[in-house]
Amino acid sequence: MKRQNYLLFFYIPLLGFMIIFFAFSSLNRSYIKGKVEKLVDEQLQATAGILKVNFSHLLKENYTPEHIFAQFSAEEDIYYMALLDENKQILGWRSQFEGYLPLSEESLKTERTWIIDSPAGKIFNSFSSFSLANSRVYYLYLGYSLAELEEMMLRSRKNFHLIFGIIVAVGIFFSVGLYRLQVHYLNKKREWEEEKREKQRYRDMSALTSGVAHEIKNPLNSLALLFELLSKKAPSGTEEDIASGKEQIRRISRIIDQFSSSLRPVELRKEKFLLEDIVSDVHASLAREATKKGVQIQCASYPDIVLLADKGLLRQVLHNLVKNALEASDGGTVFIRTGREKKRVSISVQDTGKGMTKGEKKRAFEPFFSGKKSGMGIGLYLVQKIVQAHEGQIHCVSEEGKGTTFIIEIPGG
Amino acid sequence: MKRRLFLLAYLLGCLIISVSFGQKSRHFYNVDSEKKIEGRIQDIKMEPRYKSTAPFLVIKLAENGTQTVYNVEISPIWFFDQDFHKGEDLTVIGSYYLTDGKTPSIIAREIRYRGRTLALRDKHGFPNWRGGQMKGKARKRGKGKMGL
């Protein structure tokens, strides 16, 4: 699925929902508006009816139109009104707005109700007749304010826009969230599949190399025995060559052993021990080599850190790192530091050697990669495997010409 | 200070006039009788026109050619902040009627003078000082009182 398709997948339903909501709300509002206008129409016609009855009584009692209008001057919702005779001639009128009486010949043609727009808002107009007992006909023209209705509709519109805005905002927020979640999930899935493929490839390779190592080891043992026998029967002067051959066989054997151990899965035999013990062990085992190279080893151990881990494997990790540091150093000092922060223990090995290039640093933990001429590239790979088996992390900081620091962090302590 | 006192006395006078005289105009803005008059200002007056409102600016306008003199009802004086002078040319569009059956009169909707156009009412006669096209110009007022 393409990125664009994800967007469509999330936004089209949201858009659809918004369109449906908009259409439904608009129809609903239109329906309510129609109903309310009808009700208002009926109500105002009833009001006009009451006014006409009152007008009839007052006219019968010979009140002038001015006096009649004065009776209704407190009616704020009646914007204007006019009384007309049977010939539709204006007998009198009143308006809340100076001179404003939107009465034209056109509007006097038939009795009817209609709504006009004005700067004061919508005005409901009614033009209708009524007659007195003496059969005399009059017409009443009324302009009734629809301000309250308009206010109600305006509030309804505002509420609709507010709710619509909230739905859009929340919808977009959730869609973006879902979209991101989906992208994250797919990326993780891709990574997991890649890892799975890599593991499978590694298993295949392990099986193959283990087989090859086993096949080499048997003839190599026979060869070692032969050299042993040969050394006993060898003519004088050839001892040195035979010893060199034996050394080469031992070297091949050692390489195959390392190879095999690097391919085996790490099995932890956990026990409680003091971290400073393995630091002292490693220091002691490599002290002679360090002196030979003119390198000083300095230890700064955080006291009394008790770890529940595989002591032998962690010793091997520290041994490999310190040995690498010694090999990279030409004089100078190698620092071994241990520390503890919250529930994590850190071990760092720092040298002041030649450091690593960016490319070397990037590939430092890859199997069969080595920056040294004689290295096999298994040491750091094994170190990482052991640290990861302890659910820890290892990373290195290196600068060319200034040295390298390997930092291990493992839970516990 | 003197100027302020004068202004206060003037406004008080206007109020007294408007309340005591009440509504004088019997005519509304009839859209059917709208006409355009071009003429020259002969006189400028203030008259109470509608009940409980400020006096209106009313000008006497002599129509060019016929020399018929019209009473032109402009607007409440507080709304009209322009300057008129006798003898100035003026064009008025408004609703025509006869006062007392003989004096030609106009309720102005639009006036044009000195190259400017001033809208006083909308096309149906709704006064702009009640909040219309000249909302920015007119001061907003509340609902008016019924006036004949």
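## A five-strand sheet in chain A

Two strands count as paired here if DSSP finds at least two bridges between them. With that in hand, let's look at this predicted model, beginning with chain A, where five strands make an open sheet in the order 2-1-5-4-3 with antiparallel pairing. Its edge strands are strand 2 (90–95) and strand 3 (112–118) of chain A, each of which pairs on one side only. From one strand to the next, the twist averages 15 degrees.

Inside this sheet, strand 1 (residues 78–84) and strand 5 (residues 137–145) of chain A run antiparallel and are joined by six bridges.

## The largest nonpolar core

In soluble globular proteins, nonpolar side chains tend to be buried together. Here the largest nonpolar core has 45 residues, and those touching the most other members are A:Met81, A:Ala82, A:Leu140, A:Tyr141, B:Val72 and B:Ile74. The elements giving two or more residues to this core come from both chains: helix 1 (3–60), helix 2 (65–71), strand 1, strand 4 (121–131) and strand 5 of chain A, along with strand 2, strand 3 and strand 5 (103–113) of chain B. Strand 1 of chain A gives the most, with seven residues.

## Strands 1 to 3 of chain B

Now to the chain B side. Strand 1 (residues 34–47) and strand 2 (residues 56–63) of chain B run antiparallel, with eight bridges joining them; B:Arg40 stands opposite B:Ala62 of strand 2. Strand 2 of chain B also pairs with strand 3 (residues 69–76) of chain B, again in the antiparallel sense, over six bridges. There, B:Leu61 has B:Tyr70 as its bridge partner.

The hairpin of strand 2 and strand 3 of chain B has five residues between the strands, and in it B:Gly65 takes a positive phi near 90 degrees.

## A mixed sheet and its helices

Further along chain A, five strands form an open sheet in the order 7-9-10-12-11, this time with mixed pairing. Strand 7 (296–300) and strand 11 (393–399) of chain A each have a single partner strand, so one side of each is left without a neighbour in the sheet. Neighbouring strands are turned by 15 degrees against each other on average, direction ignored.

Strand 10 (residues 344–351) and strand 12 (residues 403–411) of chain A pair in the antiparallel sense over seven bridges, and A:Ser348 stands opposite A:Ile407 in strand 12. Helix 5 (residues 275–293) of chain A packs on the sheet, touching strand 7, strand 9 (333–341) and strand 10, and its direction makes about 170 degrees with that of strand 7. Helix 6 (residues 311–328) of chain A packs on the sheet too, touching strand 9, strand 10 and strand 12; its direction makes about 20 degrees with that of strand 10.

## A stop at A:Tyr179

A:Tyr179 counts as partly exposed because 16 other C-beta atoms lie within 10 Å, whereas a buried residue has 20 or more and an exposed one 12 or fewer. A:Tyr179 and A:Phe10 are 169 residues apart in sequence, yet their C-alpha atoms are 6.9 Å apart in space.

Terms used. Residues are numbered from 1 along each chain as its sequence is written. Chains are lettered from A and ligands numbered from 1 in the order in which they are written. This is a predicted model: local features need pLDDT of at least 70, side-chain atom pairs count only at pLDDT 80 or more; totals for chains, interfaces and linings use all residues. Helices (H or I, at least four residues) and strands (E, at least two) are DSSP runs, numbered from the N terminus. Axes are lines fitted to C-alpha atoms, for helices over the stretch in contact, and angles run from 0 to 180 degrees between N-to-C directions. A nonpolar core is a set of buried Ala, Val, Leu, Ile, Met, Phe, Trp, Tyr and Cys residues joined through C-beta atoms within 7 Å. Two residues are in contact if their C-beta atoms, placed from the backbone, lie within 7 Å.
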